[in-house]
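Please read it with the structure open.

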Amino acid sequence: MKNNRFAVIAALECEEELIRKELKGISETVLLNTPVYEGMIGENDIVLMRCGIGMVSAAIGAQALIDMYHPDYIINSGCAGALDPDLGIGDVVISDSVSEWNLDLRAIGFPMGYVDALKTVEMKASDELCNMIENAIPDDIKVRKGKVVSADQFVSTADQRAFITDNFPDALCAEMEGAAVGHVCTQNNVPFCIIRTMSDTADGNSGVNFAEFSAAAGRKSAEWLINMFRK
Ligand code: ADE
């Protein structure tokens with residue numbers, strides 16, 4: 001990978017700090033009340049935003065990055081709660097698509113997750129970018145490619161989990177920013193991908209597990225991105 005500009009958007013400090021510490025010639029600014037860092041990793045120009053948790057923060061962050069920095073690609077990196085029973089803490093999901101699991105227009109005849117502006121329930125990630133990320137992850141790490149779902153809810157109950165898996169049976173993991181980033185990128189025609197390392201299994205233990213494992217999980221996703229930027 002050479003001579004590309006990647007924008008990376010992460011909610012939490014533990015999800016962005018490894019990348020920040022790798023930036024050569026780092027400069028820092030504040031955009032939308034959130035920190036943005038710019039620098040080089042390998043031969044690529046990286047713009048890194050710590051947007052805070054949630055869909056609106058991720059959406060306005062992604063739009064601002066597109067408008068101000070015109071990135072070639074946008075990546076959302078961090079941790080997530082696993083929905084697929086085949087996935088455990090420490091496993092990785094790379095998005096082939098994203099959906100907004102609580103965007104609900106069913107009362108007026110549309111399926112769950114329907115994005116009116118795009119006339120679809122799923123936003124497709126960039127195959128090229130997802131393959132580049134996958135190729136940067138060591139072989140001994142379990143990686144699944146598939147659907148990432150997001151909403152402004154931390155998933156920690158059987159009811160939330162059943163609602164998601166009933167409506168999005170192919171969802172691999174849940175988090176709170178990826179589909180917002182994917183939505184903004186799709187409306188702007190910017191290729192995107194989400195990488196998430198599992199911090200919990202989106203169930204009754206997810207609060208406790210998140211507290212214990214989110215920092216390590218967030219750092220792992222960042223580590224694989226650094227590998228890719230250096231290649
Ligand atoms: N991020 C990490 N774990 C999560 C969960 N269980 N729900 C939503 N976002 C998460």
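The points run from the whole chain to single residues.

1. Basis. This is a predicted model, in which local features need pLDDT of at least 70 and side-chain atom pairs count only at pLDDT 80 or more, while totals for chains, interfaces and linings use all residues. Residues are numbered from 1 along each chain as its sequence is written, and side-chain values use heavy atoms, with hydrogens and water left out.

2. Fold content. The protein chain has six helices and ten strands. Both are DSSP runs numbered from the N terminus: helices are H or I with at least four residues, strands E with at least two.

3. Overall dimensions. Along the principal axes, the C-alpha atoms fill a box of roughly 50 × 35 × 30 Å.

4. Burial and surface. Of the 231 residues, 53% are buried (buried means under 20% relative accessible area, exposed over 50%, partly exposed in between; 1.4 Å probe, protein chains only). The accessible surface comes to about 9,600 Å², and carbon and sulfur atoms account for 50% of this surface (Shrake-Rupley method, 1.4 Å probe; for residues, only the protein chains shown count as cover).

5. Contacts along the sequence. Taking contacts between residues at least 6 apart in sequence, 77% join residues at least 24 apart. Contact here means heavy atoms within 4.5 Å.

6. Thr 197. This residue is found in strand 10 (residues 192-200) and counts as buried because its relative accessibility is 2%. A polar atom of the Thr 197 side chain lies 3.5 Å from the backbone oxygen of Ala 217. Ala 217 is also among the contacts of Thr 197 beyond four places in sequence, as are Gly 78, Cys 79, Ala 80, Gly 90, Asp 91, Val 92, Lys 220 and Ser 221.

7. Positive phi values. Which non-glycine residue has a positive phi of about 60 degrees? Asn 3 does; its place is in strand 1 (residues 2-10), and Asn 3 is exposed, with a relative accessible area of 64%. Lys 119, also not a glycine, has a positive phi near 55 degrees. Lys 119 lies in the loop between strand 6 (92-100) and strand 7 (123-124) and counts as exposed at 54% relative accessibility.

Notes
Polar contact = N/O pair within 3.5 Å; in protein donor to acceptor, adjacent residues only side chain to side chain.
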